[in-house]
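Here is a short tour of one protein model. Keep the sequence and the 3D view open while you read.

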Amino acid sequence: MAKKQIKGWDYSPAPESTSHIDLKKRYDLYINGEWVKPSSKKYFKTINPANEELLAEVAHANEKDVDKAVKAARKAYNEVWSKTSPSERAKYIFRIARLMQERSREFAVIESLDAGKTIRESRDVDVPLACNHFFYNAGWADKLEFAFPNRKIESLGVAGQIIPWNFPLLMAAWKIAPALATGNTVVLKPAETTPLTALKLAEIIHDSGLPPGVVNIVTGYGDTGAAIVNHEDVDKIAFTGSTGVGKIIQKAVAGTNKKTTLELGGKSANIIMDDAPLDQAVEGIINGIFFNQGHVCCAGSRLFVQESVYDKVIEKLKHRMNSLIVGDPLDKNTDIGAINSKEQLDIINGYLKIGKDEGVEMYQSTCDIPGNGFYCRPTLVLNVAQSSRLVQEEIFGPVLAIQTFRTVDEVIQKANNTPFGLAAGVWTDKGSRIFNLTTKLRAGVVWANTYNKFDPASPFGGYKESGFGREGGLHGLEGYLKMN
Ligand code: NAI
Ligand code: MG
């Protein structure tokens with residue numbers, strides 16, 4: 001393996017071992033507490049995007065398989081789960097959390113292999129947060145009457161959950177843990193490029209002794225997701241993914257009784273005021289857009305810098321960018337791993353081409369990138385017009401669009417001028433400026449002097465085309481309950 005070179009620095013390779021992980025060559029569907037073959041008889045491949053090597057074959061569920069999973073979930077709901085006491089439900093959820101924790105190293109390595117994200121992130125962010133979501137929701141299971149005092153609450157029934165490829169295990173935890181805590185049963189579909197940690201989670205759920213049918217995991221493509229959405233015996237659809245598919249789902253559930261939460265795309269603004277601590281702000285910008293290769297729905301993909309500190313910020317940003325290591329996701333020194341798929345890399349490169357065609361000024365870091373696998377150098381798009389597609393559209397890659405502003409009113413107007421409204425960041429020394437901006441920015445989450453911080457107790461979700469409903473915290477439980 002080649003050594004990584006950073007201006008004057010040499011790091012020896014420090015790859016995480018893969019010897020302790022246990023992956024099957026082929027995965028079937030996890031329905032009613034058993035591994036069952038797909039009636040389609042079809043399997044698809046999931047690869048490691050860092051080197052394009054095959055990891056496993058995974059079943060492609062069709063409508064019949066989805067129907068089987070929904071029936072199992074309905075039966076488990078009617079006969080077992082809705083009759084299980086809340087404190088018993090909590091015990092199962094705690095057990096799942098502890099089993100995940102025990103196998104956290106295996107989860108982290110498999111997540112990095114399947115998704116291309118760095119081991120540093122999967123080990124330090126994805127897996128611990130996923131465990132914490134189970135712990136947090138387990139704690140609420142027998143206290144729902146205190147969470148929602150003076151309300152008559154009831155579970156919904158069968159929850160259909162469809163998740164994306166950017167945080168595969170974490171999104172499974174966000175969805176499954178509150179559904180179980182509130183007494184629902186689940187049919188979950190992971191994304192086609194990253195099914196492996198959800199299938200590992202199925203193994204753990206099995207080991208926890210959770211009654212058969214309470215959680216079912218079906219793998220497949222968009223057609224499998226659509227079969228869940230359109231199944232008439234599903235009571236709730238929870239979706240995280242693209243705004244395009246979110247709109248299709250919204251149309252499909254219109255006129256039905258299905259409760260829906262959609263967590264969709266974003267084009268979030270990171271705002272640097274002239275009095276901000278600039279070095280910390282630069283770290284925050286880097287974390288905001290380059291974390292997880294920019295595959296973050298709330299990525300700080302637009303940067304607004306107050307004019308008087310613009311030159312300084314850009315100089316510091318370029319300097320810091322050039323020390324970032326892009327490469328093997330399993331290497332503990334790597335800052336930016338692989339783009340999740342060839343399709344996603346093509347989307348990102350398509351936007352870089354649009355930038356070139358529009359004649360905007362771009363800056364890419366000078367680092368080496370591996371010869372095979374899917375990689376993209378971190379990129380700045382400087383002084384770009386509000387009308388540019390690079391400012392308006394979600395790129396979902398390590399590409400940061402930078403604009404300047406003079407006054408607070410101007411930056412509020414510019415930051416809100418987007419169809420999305422998922423998150424924002426404000427960097428300033430002054431508390432009053434923070435409060436002024438947080439109340440006027442139309443975004444579900446606003447971070448002050450930090451970025452991309454998550455906690456199971458804090459609700460997350462969007463405004464406008466970023467979707468509706470909240471996940472996490474008490475609000476997240478509400479999405480799985482009927483309230484009277
Ligand atoms: P996608 O929205 O197609 O995929 C998300 C999930 O939805 C996957 O499990 C997929 O199989 C499923 N799905 C696809 N079509 C469906 C349908 N008609 N009915 C039900 N489920 C369906 O996202 P994709 O194509 O992988 O990525 C394209 C773009 O979407 C990215 O470039 C990015 O901009 C955005 N995206 C946003 C995410 C977010 O967290 N907000 C996550 C993933 C992608
Ligand atoms: Mg994969």
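Predicted model: local features only at pLDDT ≥ 70, side-chain atom pairs only at ≥ 80, totals over all residues.

## The magnesium site

Along the sequence, the residues that donate to the magnesium ion (ligand 2) follow the spacing T-I-x66-D-x78-T. Threonine 46 and aspartate 114 in this set join distant parts of the chain.

Which protein atoms are the donors of the magnesium ion (ligand 2)? They are Thr46 (OG1), Ile47 (O), Asp114 (O), Asp114 (OD) and Thr193 (O). These donors lie 2.2 to 2.6 Å from the ion. Aspartate 114 is listed with both O and OD. Are threonine 46 and aspartate 114 buried or exposed? Both residues are buried.

## Two domains

The protein chain splits into domain 1 (15-264 + 466-483) and domain 2 (269-448). The contact between the domains takes 30 residues from domain 1 and 30 residues from domain 2. Taken over C-alpha atoms, the domain centres are 30 Å apart.

## The largest pocket

The largest pocket has a volume of about 1,100 Å³. It is lined by 45 residues, and those closest to its centre are Trp165, Glu192, Gly241, Ser242 and Val245. Several elements give two or more residues to the lining: strand 6 (43-48), helix 8 (222-230), strand 12 (236-240), helix 9 (243-253) and helix 12 (342-358).

Which element gives the largest share of this lining? Helix 9 does, with 6 residues. By type, the lining residues divide into 22 nonpolar, 15 polar and 8 charged. Domain 1 and domain 2 each supply at least three residues to the lining.

Glutamate 121 sits in helix 4 (residues 119-141). It counts as buried because its relative accessibility is 8%, under the 20% limit. Leaving out residues up to four places away in sequence, glutamate 121 touches Asp126, Phe291, Asn292 and Asp335. Isoleucine 336 is 215 residues from glutamate 121 in sequence, yet their C-alpha atoms are 9.8 Å apart.

Lysine 332 is in the loop between helix 11 (310-321) and helix 12. Its relative accessibility is 36%, so it counts as partly exposed. Beyond its neighbours within four places in sequence, lysine 332 contacts Ala14, Pro15, Glu16, Ile119, Arg120 and Arg123. Lysine 41 lies 291 residues from lysine 332 along the chain, and 39 Å separate their C-alpha atoms.

Leucine 437 is part of helix 15 (residues 431-440). Why does leucine 437 count as buried? It does so because its relative accessible area is 0%. Its contacts, apart from neighbours within four places in sequence, are Ile271, Met273, Val408, Val411, Ile412 and Val426. Glycine 425 is 12 residues from leucine 437 in sequence, with 9.5 Å from C-alpha to C-alpha.

Proline 419 falls in the loop between helix 14 (408-416) and strand 19 (423-427). It is partly exposed, because its relative accessibility is 33%. Setting aside neighbours within four places in sequence, proline 419 is in contact with Gln392, Lys464 and Glu465. Lysine 267 is 152 residues away from proline 419 along the chain, and their C-alpha atoms are separated by 8.5 Å.

## Two positive phi angles

Asparagine 32 has a phi near 55°, a positive value in a residue other than glycine. Its place is the loop between strand 4 (29-31) and strand 5 (34-36). Asparagine 32 counts as partly exposed because its relative accessibility is 39%.

Phenylalanine 396 is not a glycine either, and its phi is positive, at about 60°. This residue lies in the loop between helix 13 (389-392) and strand 18 (399-405). Is phenylalanine 396 buried or exposed? With a relative accessible area of 16%, phenylalanine 396 is buried.

Note on methods. Residues numbered from 1 in each chain as written. Chains lettered and ligands numbered in written order. Heavy atoms only, no water. 1 Å grid on protein atoms, 1.4 Å probe; cavity = no way out; pocket = protein on both sides within 12 Å on 5 of 7 lines; lining within 4 Å. Points joined across faces, edges and corners; volume = space filled by probe spheres on them. Helix = DSSP H or I, 4+ residues; strand = E, 2+ residues; numbered from the N terminus. Nonpolar A, V, L, I, M, F, W, Y, C, P; charged D, E, K, R; others polar. Domains from an automatic or database assignment. Donors = N, O, S within 2.8 Å, 3.2 Å for Na, K, Ca; no water. Buried < 20%, exposed > 50% of the residue type's maximum accessible area, 1.4 Å probe, protein only. Contact = heavy atoms within 4.5 Å.
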